[in-house]
Amino acid sequence: MSLGKTEVENISRLAAIAVEKHEVDEVAAKLSNILDLFSQMEAANTDGVEPMAHPLDQVQRLRPDVVTATNQREKLQTVAPSTDNGLYLVPQVIE
Amino acid sequence: MHNLTIKQMSEKLQAGEITSVQLTQHYLDRISKYDSELNAYVTVTPELAISMAEEADKRIAAGNAELLTGIPIAHKDIFCTDGVKTSCSSKMLDNFIAPYDAHVVTQLKKVGMPILGKTNMDEFAMGSSSESSYYGPTKNPWDHKAVPGGSSGGAAAVIAACLAPMATGTDTGGSIRQPASFCGITGIKPTYGSVSRFGIVAYASSFDQAGPMTRSAEDSAWMLTAMAGFDERDSTSLQRDAVDYSAELTNSLKGLKVGVPAEYFGEGLDPDVETLVRAAIAEIEKQGAEIVEVHLPNKDLAVPSYYVLAPAEASSNLSRYDGVRFGHRCDNPKNLQDLYERSRSEGFGAEVKRRIMVGAYALSTGFYDAYYLKAQKLRRMVRDDFTNAFEHCDVIMGPVAPTPAFNIGEKTDDPTSMYLADLYTIPVNLAGLPGISVPAGFVNQRPVGLHIVGPYFSEAKLLNIAHQYQQVTDWHTKTPAQYQ
């Protein structure tokens, strides 16, 4: 399977990763190679096979609804690129 | 001092013949001397190491030490370490000082193991050669032209070169076992869910599993006992009683049924690797094991299935790197979308971007059934192959990788050729089974490992077999000449 420029642009948007114009051909070629690898799955007969999400077929564990972690906002925000007054700062969203 | 076994180190520490400070300083000195040529450490933490060693010495003096108290350790840079940079070998996290400890780090701190530093790896654990690190490739101590394997390549290299006596690793598609094989050390990936994933930077959560990387199986047994156990902070942590993984080490191998899958000795396997692996199996047969032929017919479907599922999980897990709460942020973003897209484009390396994009594509509208759902069905077929095989044998043996360590740069231009080199390790992750790599000889001065895979929760048995093999062989004791 061979990906074109439009598909790479779409994938770039889905993944929220900018792809520069000069990179498009190489990205398309390498992604296409990986999709060729995926095509090996087509021939396998999977009729009646249940998809497997967890190796031991475990289900989500439940716990009592009680407070565990305490507020650590200051500590956690020490690694943030930009904060003010306990808030994370980003470029203006609403005009 | 670095040529002692962990048991000998521990005995000398307890007897007061050496102190943890002396032992830790010895390794720090070796790191200063040798690591510039190997690039196995991303961060070295001498002050932390010495202060932890001082605490360990106090504990030993007070008489309440455990077996591993005072033995220094290196953590893969994927484990969060409170107050210490945790980069996952990515530019994205180059400025990230972890605000808490991973569960594994907490467990080993409790035991009193001084932290020497953080080891190099493939960026976000995505790779099989440690070449995709933002900090440059790690070299194989046996041959500086060769890769150490990956993604836990730094961890394997520090054990092989005696720049740490013990190291942690993680294994998503072979990332403990393949570098262990390439560097001639022992490394075990436990059953999925045995070791908590809390505080391990996530790659593919339904596969990621941490384990020990050490010289011998005996060392791994003790370290795994300290690492494993239920942790309520990991939603997939298994609720089981604590296990002593060293309990079966000295058991006899008489009557052990070893399954040898024909499919693991087919096309693509280096004939010299095959000779060594078969010789290792013969050695185990000599100890009273019985060899039976088994079949894993869906082996070839494992690699494509894994490279759909793991990138799909990665595309979701790595969406947290958005330039807002932590990690790299681009300069002068035009708007929020530009902030996301450029921060991620600048912060991630080529292979990580490829896997996120492939994963996003596989999960996108119109492709989900053909890729993700199909891969999940194949995952069950691969798991069922093992279940069927284990009806005829106790463990399965074969190669870890089709070749010894390849050269640095040899596979970097062709990502899919790198993927295919994981064909023996990936099925084990798909099934969530435990597997171990045990040093089994050399091809052209490059080490080769024997792969032993067992049913769920058979870690103690795998370590028993590896330990018995290491009683009659000395491959695991070899050190490259310049690091002796």
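Visitor: Where is the place of A:Thr83?
Guide: A:Thr83 sits in strand β1 of chain A, residues 83-84. Helices here are DSSP runs of H or I with at least four residues, strands are runs of E with at least two, and both are numbered from the N terminus. This is a predicted model, where local features need pLDDT of at least 70, side-chain atom pairs count only at pLDDT 80 or more, and totals for chains, interfaces and linings use all residues. Residues are numbered from 1 along each chain as its sequence is written, while chains are lettered from A and ligands numbered from 1 in the order in which they are written.

Visitor: Thanks! Which residues does A:Thr83 touch?
Guide: Leaving out residues up to four places away in sequence, A:Thr83 touches A:Gln77, A:Tyr88 and A:Leu89. Contact means that the C-beta atoms, placed from the backbone, lie within 7 Å.

Visitor: And why is A:Thr83 called partly exposed?
Guide: Because A:Thr83 has 17 other C-beta atoms within 10 Å. A residue is buried with 20 or more other C-beta atoms within 10 Å of its own, exposed with 12 or fewer, and partly exposed in between, using C-beta atoms placed from the backbone.

Visitor: New topic: how many residues of chain A are in contact with chain B?
Guide: 38 residues of chain A are in contact with 55 residues of chain B. On the chain A side, α1 (5-15), α2 (24-38) and α3 (73-77) each give two or more residues. α2(A) gives the most, with 6 residues.

Visitor: What classes of residue are on that side of chain A?
Guide: The chain A side has 26 nonpolar, 7 polar and 5 charged residues. Ala, Val, Leu, Ile, Met, Phe, Trp, Tyr, Cys and Pro count as nonpolar, Asp, Glu, Lys and Arg as charged, and the others, Gly among them, as polar.

Visitor: Now chain B. At what angle do α8 and α15 cross?
Guide: The axes of α8(B), residues 271-286, and α15(B), residues 459-472, come within 10 Å and cross at roughly 95°. The two helices are therefore roughly perpendicular to each other, a label for angles of 65 to 115 degrees. Axes are lines fitted to C-alpha atoms, for helices over the stretch in contact, with angles from 0 to 180 degrees between N-to-C directions.

Visitor: Which residues meet there?
Guide: B:Ala280, B:Glu283 and B:Ile284 in α8(B) meet B:Ile465, B:Tyr469 and B:Val472 in α15(B). By class, that contact has 5 nonpolar residues, no polar ones and 1 charged.

Visitor: What about A:Ala16, what is its phi?
Guide: A:Ala16 has a positive phi of about 50°, although it is not a glycine. Most residues other than glycine have a negative phi. A:Ala16 lies in the loop between α1 and α2 of chain A, and counts as buried because it has 21 C-beta neighbours inside 10 Å.

Visitor: Which strands does β10(B) join?
Guide: One of them is β5(B), residues 186-189, which runs antiparallel to β10(B) with 3 bridges; B:Ile188 stands opposite B:Ile436 there. Another is β11(B), residues 446-453, also antiparallel, with 7 bridges. Strands pair if DSSP finds at least two bridges between them. In the hairpin of β10(B) and β11(B), with 2 residues between the strands, B:Asn444 takes a positive phi near 50°.

Terms used:
Two residues are in contact if their C-beta atoms, placed from the backbone, lie within 7 Å. Angles under 35 degrees count as roughly parallel, over 145 as roughly antiparallel, 65 to 115 as roughly perpendicular and the rest as oblique.
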